[in-house]
Amino acid sequence: DFRGYGVAPNTPLLGFHSLKSDCATFRVCLVGVVVKQETLSPVVKKLKLCGAPYRVEKNTAFIDGMFTSALEAAKFEGAQIKTVSGIRGSIKKAIREDASQAARRAGAPSGKAGAFRATFEDKLLLSDVVVCRLWVPVEPPPLCLPVANLLEAVSGDTLLARSVADVRRATETPIPVSKDSLYKGPIARAPRKFAPQKLPKKLVDQLPFASRPKEDAPRGKRDGYLKQREDASTGLAPRESTETRRTRKLVHQLETVRAEKKRIKGAAKEKKKGERAKELAKIDASRRASSKLKNKAAHRAHGRDQARKRAKFTSGDE
């Protein structure tokens, strides 16, 4: 796109960096053909607006840092946005500044001025970066200076057209440098820490044994029990002296011997008690047998007496 006087279409176009006679290099910087003529030709430049989520709820996220006011965010409602990781989304609604202030007073997460609500294809992380790609119109200053021959000087050795580099070189003006355009070196980012993966219990039960997650993960090396007892901050009792440990060991041995003697004595007592119970059982069995015989003899004798009495009464009546 260039401005100039009317030229017929399909006219060849040739451009040079400089036509000065003392130029150290000669280079053709433009070659083309005139396609058409327009009174107005839009000139745009690429612009990327970056923001970050401060609150995430499923596929909905609240973004701030991209716009400076709620009015500016409202103008971009419906615009397409995208994260650096490739998740696409769109801007739904700008958040009013009074609502952000009320949420901040209530202690809830609230964004800066210009925050908005957006929806995405998938759930975002708080560490994601959201980008909105735009084309910003640029209005270059209109200038048309038709010159038939640049080699003709107006006054002296001064030509009609000079490049920006020639003007800066002549006026000794340094090239303007923007701090935002300089490379800042590698960005130091903290390593990402992901939450442990949690599988549903039903799914784990259906998996084969080799594919199931191992719960007993190897733990780090810890100090031993004796070393922990030497540290007063652990709250454990300090380690006893050698004499105290020997005394406690001797007492423990004596208690063990006494317990063993008690066990042997109790076993012998139980054995004697069992033998005595067997003897008493035999005596009881013999007593029951003899008492049974005596009862039978007594019943027989009683029966004979009753029979004799009945016979006597019967004979007397006759």
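# A viewer tour: barrel, rings and charged pairs

Start in the segment before β1 (12-16), where N10 lies. This is a predicted model. N10 is no glycine, yet its phi is positive, about 65 degrees. The residue is exposed, at 63% relative accessibility.

**Stop 1: the barrel.** Select β3, β4, β7, β6, β5 and β8. In that order, these six strands close into a barrel, with antiparallel pairing. Between neighbouring strands the average turn is 45 degrees, direction ignored. Strands of a sheet pair through backbone hydrogen bonds.

**Stop 2: β3 and β4.** Zoom in on β3 (residues 43-57) and β4 (residues 60-64). Five bridges join them in the antiparallel sense. Now pick K58, in the loop between β3 and β4. K58 is not a glycine either, and has a positive phi of about 55 degrees. Its relative accessibility is 69%, so K58 counts as exposed.

Next, show R55. Which residue of β4 stands opposite R55? It is F62. R55 also forms a salt bridge with E57, with 2.5 Å between the closest N and O atoms. Both partners are partly exposed: R55 has a relative accessible area of 32%, and E57 has 38%.

**Stop 3: the rings.** The whole structure holds three aromatic pairs. Y54 and F62 make one of them, a tilted pair with centres 6.2 Å apart and planes at 45 degrees. F62 is buried, with 12% relative accessible area.

Move to F67 and F76. Their rings are stacked, 5.0 Å from centre to centre, with 25 degrees between the planes. The stacked label applies because planes under 30 degrees apart count as stacked. Is F67 buried or exposed? F67 is buried, at 3% relative accessibility. F76 is partly exposed, at 23%.

**Stop 4: the cysteines.** How many disulfides does the structure hold? The count is zero. A disulfide would need the two sulfur atoms within 2.5 Å. C132 is buried, with a relative accessible area of 1%. Then pick C29, which is partly exposed at 44% relative accessibility.

**Stop 5: a link across the chain.** A search of the whole structure gives five salt bridges, among them the R55 and E57 pair already visited. For another, select E121 and R88, whose closest N and O atoms are 2.8 Å apart. This pair links distant parts of the chain, 33 residues apart: E121 sits in the loop between β7 (116-120) and β8 (130-138), and R88 in strand β6 (residues 88-94). E121 is partly exposed, with 47% relative accessible area. R88 is exposed, with 51%. The cut-off explains the two labels, because exposed means over 50%.

**Stop 6: helix α6.** Finish on E279 and R276. Their side chains meet in a salt bridge, 3.7 Å from N to O. What separates E279 and R276 along helix α6 (residues 242-317)? They are three residues apart, so about one helical turn lies between them. E279 is partly exposed, with a relative accessible area of 43%. R276 is partly exposed too, with 46%.

Terms used:
Residues numbered from 1 in each chain as written. Predicted model: local features only at pLDDT ≥ 70, side-chain atom pairs only at ≥ 80, totals over all residues. Heavy atoms only, no water. Pairing = 2+ DSSP bridges. Helix = DSSP H or I, 4+ residues; strand = E, 2+ residues; numbered from the N terminus. Axes fitted to C-alpha atoms, helices over the stretch in contact; angles between N-to-C directions. Buried < 20%, exposed > 50% of the residue type's maximum accessible area, 1.4 Å probe, protein only. Phe/Tyr/Trp six-rings, centres within 6.5 Å; stacked < 30°, edge-to-face > 60°. Salt bridge = Lys/Arg side-chain N within 4 Å of Asp/Glu carboxyl O.
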